[in-house]
Amino acid sequence: DVCSSDLMEEAMVADVRAGVGAVRYAVVPDPAISMAQIAPRPPRAVRAPEEGRRFVAIGRLAAQKDYPLMLAAFAGGSTPADRLTIYGGGPLEARLRALAADLGIAGRVTFAGHVADAAARLAEHDIYLLSSAYEGVPAVLVEALACGLPIVATACGPGVDGVLDHGRLGRIVARDADALAVAIAAARRCT
């Protein structure tokens, strides 16, 4: 039998083929953002390193997003002046708040909850973080790129690799707290 499937990213073909065995594929571009979202923006203000960096993440507070990994890495790779805002709600919020407190970063992490258009708030931040266990083709990375944000992401699927052009458009690191912490520290020095 021949099966066909539409994919949003060429990089996902191997994963889909392994999972469902389909032999015919068509890659259908996913217009994740509108032209208004990529309109020229005024440059972000450059702050001195001692002012800290504003990190941001968007996604539901669920196991797939691996926020415990992000929080541990943020604790290890950030400075006391840095801040992390996480937009999204979900079943793990209480557990993540407790972990932030245990890591000593509760005062530097804001759980902003679900907002209707979190992507519109990306320009208020300096660096986008993604710590997922697995992603397909996350539109939020396209939105972060459109805002000109540096991106630090875990190696969590071929779609991420494709969107970030194999690391050319953002830093992709192993799903490891130490590796992610090193990438956070490096990114904060480059913004």
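Visitor: In which sense do β3 and strand β6 pair, and over how many bridges?

Guide: Pairing between strands is read from the bridges that DSSP finds, and at least two are required. In this predicted model, β3 (residues 54–58) and β6 (residues 127–130) pair in the parallel sense over two bridges. Within β6, Tyr128 is the bridge partner of Val56.

Visitor: Over how many bridges do β3 and strand β4 pair?

Guide: Strand β4, residues 83–87, pairs with β3 over five bridges, in the parallel sense. Here Ile58 has Tyr87 of β4 as its bridge partner.

Visitor: Which helix makes a β-α-β unit with β3 and β4?

Guide: Helix α2, residues 67–77, makes that unit with the two strands, and the unit is right-handed.

Visitor: How many aromatic pairs does a search of the whole structure find?

Guide: The search finds one aromatic pair. Its members are Phe55 and Phe74, with 5.5 Å from centre to centre and 75 degrees between the planes. An angle over 60 degrees counts as edge-to-face, and the pair is accordingly edge-to-face. Phe55 lies in strand β3 and Phe74 in helix α2, 19 residues apart, so that the pair links distant parts of the chain.

Visitor: Why does Phe55 count as buried?

Guide: Buried means under 20% relative accessible area. Phe55 counts as buried because its relative accessibility is 0%. Phe74 is likewise buried, because its relative accessibility is 0%. As for strand β3, four of its five residues are buried, and the strand is mostly covered.

Conventions
Residues are numbered from 1 along each chain as its sequence is written. This is a predicted model: local features need pLDDT of at least 70, side-chain atom pairs count only at pLDDT 80 or more; totals for chains, interfaces and linings use all residues. Side-chain values use heavy atoms; hydrogens and water are left out. Buried means under 20% relative accessible area, exposed over 50%, partly exposed in between (1.4 Å probe, protein chains only). A crossover is right-handed if, with the strands pointing away from the viewer, the path from the first strand over the helix to the second runs clockwise. Rings of Phe, Tyr and Trp (its six-membered ring) pair if their centres lie within 6.5 Å; planes under 30 degrees apart count as stacked, over 60 as edge-to-face and the rest as tilted.
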